[in-house]
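Subject: Structure handover

Hello,

Please find the structure below. My notes on it follow.

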Amino acid sequence: MSINPTLRRTLAAAACAVTLCGVAACGDSSAENGAPDVLKVGLPPAEANANLQAKFEPVTSLVAAGTGKSVEVKPTSDYLSIVEAMRSGLLDVAAFSPFPTPLAEAVAGVEPLVVAKGAAYSSVFVCRTDRGIDSLDDLRGRRIAFVDAGSTSGNYIPKLLLKRAGIDPEIDIEGSYAGGHDTAELAVKQGSVDCAADARSSYQTMVDKGVIDGAAQTIVAESDPIPVSLVVIARKDLDPAISQGIVDAFVNGDNAAALGVVGATSFEKAQDSDFTIFRDAASELGVDLEELSRK
């Protein structure tokens, strides 16, 4: 599995090659309309959960409340398809992962509007306890399920942990993408992989619900806290008044339910400095944002 070529091929792909939940990515009139009557809002892949739309209803309701627009929710297959869908005008707004936000800015010119902060949010490696894995160094040669190529807690930060431990995520492990936090954990449970790269909160939720056994698959390594847990982004040519309405609703509106959904303590207007840590990590992983911006 190759991180950089995969990222470059995916992010630089033509917009008409993208399919978003069965909707073709070509010829959407909203691409030419900065103030559409109906806002198309993309949700992250997250868990492979049929109830994801209902779960995120407090978040999408804030978008509607802040703009006075109807909202059409679009679950998405992965984070990188969100980037292309926004570039082609299929999506107006999306709930997004923080790490690839600078990539999305470079490639598609998206605008970060709001960041969620204060969540107990970190990356973990969860491994089967019968595989003799007790530390990061024991991950050499192991089969690891990552979540998604655009996931902060389930891809970028875990690979950064590996690299800092002297383990090349390109050649020293056997990596795959599971497509969701829960499916990565279930792959460990089923024994098809040795470990999963996941968010601690996702792992703990599955243990608390009895979906997985915390005695059979346990955390062997954990990252430092990640300062931003979610970003609300908008396509670059969306009406600024609509974008500002979204910011106002999240920052100043009745946001308690939405904060509960993302496990955060506050929503704040996005600042360029919020993404410095992710740009630095991208550079450490060898992702060249300047090169991507020329694609």
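Cys127 and Cys195 form a disulfide, with 2.1 Å between their sulfur atoms. The criterion is a pair of cysteine sulfur atoms within 2.5 Å. By this rule the count is one disulfide. Cys127 sits in strand 7 (residues 123–128) and Cys195 in strand 10 (residues 195–199), so the pair ties together parts that are 68 residues apart in sequence. The link is right-handed, with 105° about the S-S bond. Strands (E, at least two residues) and helices (H or I, at least four) are DSSP runs, numbered from the N terminus.

This is a predicted model: local features need pLDDT of at least 70, side-chain atom pairs count only at pLDDT 80 or more, and totals for chains, interfaces and linings use all residues. Residues are numbered from 1 along each chain as its sequence is written, and side-chain values use heavy atoms, with hydrogens and water left out.

On confidence: pLDDT is the predictor's confidence in each residue, from 0 to 100. The protein averages 86, and 84% of the residues score at least 70. Over residues 1–31 the pLDDT is below 50, yet this stretch has 75 contacts in the model beyond near neighbours in sequence. Contact means heavy atoms within 4.5 Å. Where pLDDT is low, the predicted coordinates should not be read in detail.

Next, helix packing. Axes are lines fitted to C-alpha atoms, for helices over the stretch in contact, and angles run from 0 to 180 degrees between N-to-C directions.

Helix 7 (residues 181–190) and helix 8 (residues 200–208) cross at roughly 60°, their axes coming within 10 Å. His181, Asp182, Glu185 and Leu186 of helix 7 meet Ser202, Tyr203 and Met206 of helix 8.

Helix 6 (residues 152–164) packs on helix 11 (residues 276–285) at about 55°, with the axes 10 Å apart. Helix 6 contributes Thr152, Tyr156, Lys159, Leu160, Lys163 and Arg164 to the contact, and helix 11 contributes Phe278, Ala281, Glu284 and Leu285.

Best regards
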